[in-house]
Protein chains: 2
Amino acid sequence: MVTLDFLSNDYKEKKTTAQLVEEKIEIDIISGRLAPGKRINERDLCEKYGLSRTPIREILRRIEGNGLVRSIPNRGVFAVGLSPQAVDDLYYLKSILEVQCVRWAIERIEEHQMEMLTETFDFMQFYTLSNDLGKILRINDGFDAIIYDAAHNRELEARLRRYSFLLKYASSDISYPLNYLPTVLEEHRAIYEAFVAGDAQAGAEAAEIHLYKTMLRRK
Amino acid sequence: MVTLDFLSNDYKEKKTTAQLVEEKIEIDIISGRLAPGKRINERDLCEKYGLSRTPIREILRRIEGNGLVRSIPNRGVFAVGLSPQAVDDLYYLKSILEVQCVRWAIERIEEHQMEMLTETFDFMQFYTLSNDLGKILRINDGFDAIIYDAAHNRELEARLRRYSFLLKYASSDISYPLNYLPTVLEEHRAIYEAFVAGDAQAGAEAAEIHLYKTMLRRK
DNA sequence: AGTGTTAAAATTGTATACAATTTAAACTGG
DNA sequence: CCAGTTTAAATTGTATACAATTTTAACACT
């Protein structure tokens, strides 16, 4: 038995207030509440979050490093935002990376990671019947997280996490409506069985199919 | 005739002092002069670059967003740096992305971009005979830049640019010693001809071969 | 009324001051 | 001499003040 802490209902990463504000601003940008191309006023953010300009500016710099705002010297920072085209770009890029990720993960997965994957897939099967959507989404994320980790490429993992975050708030529609759950489970099963068989090529193909079908459901 | 401004000898992007300092600090981290895991003292950086803590901290936040430092609240920022493993990770990831990039670029390249590519490849042939290494490296970068652009995926382009930058300063050895130049030219020719033929699959394979051979030369 | 110029207001960039926290040093008792 | 505690120094986090620049508004002139 391994620990799968992401399964617990009150699982939350601990964050500082600065990180919290950062995430809020990012989500405002991604979701379009801060319109793309619009100048972001520092004073407004200060008032909104009860901080002075210094920490707000530092947060904006970090967001700039993450690419969601662009700063022009002496003129301010501007929301970059995600156009429909940019969202598609992200989606296709993430797909490419995930296929490669599965390939590498099957080649490199460690024993304890394989145990976690098995256990997670068992949970997935069980909860698919339960219709507890929140839990299922969390399990699916956990399934992905294990695969991201098992690929043993920290940068790849970082990108996939980032793109998951961006797409989560960029696309308004739910990825997995309840009636699709059994289908999604079967797609995951194909991936999981490739892990069991140690067949990287089969895994990559199964991942490609899963992502393609997810894209169709997304539209 | 199209403008290929990256060919000129004094081609430099205009940067503010803050961006310049940022790049210097990043290069210090990548090249290992700021040891991975070591705490970075703000005051030292202030003295070194003649700035007060406020702009230095903003620069560090942007670098944090870019992933080269990690910040722990109340304890400081720590250089993340690139271990040999991390460099390999980046290299493999970049290769995957470049292959995909070539594939998309061949499918989506626009007429004026194709003109630029042709012109750049002609220059490449010409200067390979000249042994002007500086110019050749710039032309090769330009060749890549056109392909990055032609793929029409801004995030993909951003990642490839970033990884090129990181690997440029992370690997101590020169990628293209003079005696390899004719070989490299032929590898580029295969890619270029796939563009001419509009054969995405052939382009992807040619890119894969090129990257594989580059890797061998790198070791 | 429209255009170009000048002055005022607003906004960003930087430096400094102080509070909060951590790290290093000094000290005490065994 | 060493472990644990207390105190001092150093470092980070935040707020504020002022300089530099840009944006907006007012104004004069044709």
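**Figure 1. Polar contacts of chain B with DNA strand D in a predicted model**. A polar side-chain atom of B:Arg39 lies 2.7 Å from a sugar or linking oxygen of DNA strand D; a polar contact is a pair of N or O atoms within 3.5 Å, and within protein one must be able to donate a hydrogen and the other to accept it, while residues adjacent in sequence count only if both atoms are side-chain atoms. For B:Asn41, a polar side-chain atom is 3.2 Å from a phosphate oxygen of DNA strand D. The side chain of B:Arg61 has an N or O atom 3.5 Å from a phosphate oxygen of DNA strand D. The elements that give two or more residues to the surface near this strand are helix H3 (53-66) of chain A together with strand S1 (39-40), helix H2 (42-49) and helix H3 (53-66) of chain B. Helices (H or I, at least four residues) and strands (E, at least two) are DSSP runs, numbered from the N terminus. This is a predicted model, in which local features need pLDDT of at least 70 and side-chain atom pairs count only at pLDDT 80 or more, whereas totals for chains, interfaces and linings use all residues. Residues are numbered from 1 along each chain as its sequence is written, chains are lettered from A and ligands numbered from 1 in the order in which they are written, and side-chain values use heavy atoms, with hydrogens and water left out.

Figure 2. Sugar and phosphate make up 70% of the atoms of DNA strand D that come within 4 Å of the protein. H3(B) provides the largest share of this surface, three residues. By class, the surface has four nonpolar, six polar and seven charged residues. Ala, Val, Leu, Ile, Met, Phe, Trp, Tyr, Cys and Pro count as nonpolar, Asp, Glu, Lys and Arg as charged, and the others, Gly among them, as polar.

**Figure 3. The hairpin of S2(A) and S3(A)**. Strand S2 (residues 69-72) and strand S3 (residues 76-79) of chain A run antiparallel and are joined by four bridges; two strands pair if DSSP finds at least two bridges between them. A:Ile72 has A:Gly76 in S3(A) as its bridge partner. Three residues lie between the strands, and A:Asn74 in the turn has a positive phi of about 65 degrees.

**Figure 4. The largest cavity**. Its volume is about 50 Å³, and the lining consists of B:Met124, B:Thr128, B:Ile136, B:Asn140, B:Leu181, B:Val184, B:Leu185 and B:His188. On a 1 Å grid over the protein atoms alone, a cavity is a set of points where a 1.4 Å probe fits but cannot get out, a pocket is an open set with protein on both sides within 12 Å along at least five of seven lines, and lining residues have an atom within 4 Å of a point. Grid points are joined across faces, edges and corners, and a volume is the space filled by probe spheres set on the points. H8(B) gives the most to the lining, with four residues.

**Figure 5. The second largest pocket**. This pocket has a volume of about 900 Å³. Among its 28 lining residues, A:Ile96, A:Gln100, B:Ile96, B:Gln100 and B:Arg103 lie nearest its centre. H4(B) supplies the largest share of the lining, nine residues.

Notes
A residue is near a molecule or strand if one of its heavy atoms lies within 4 Å of it.
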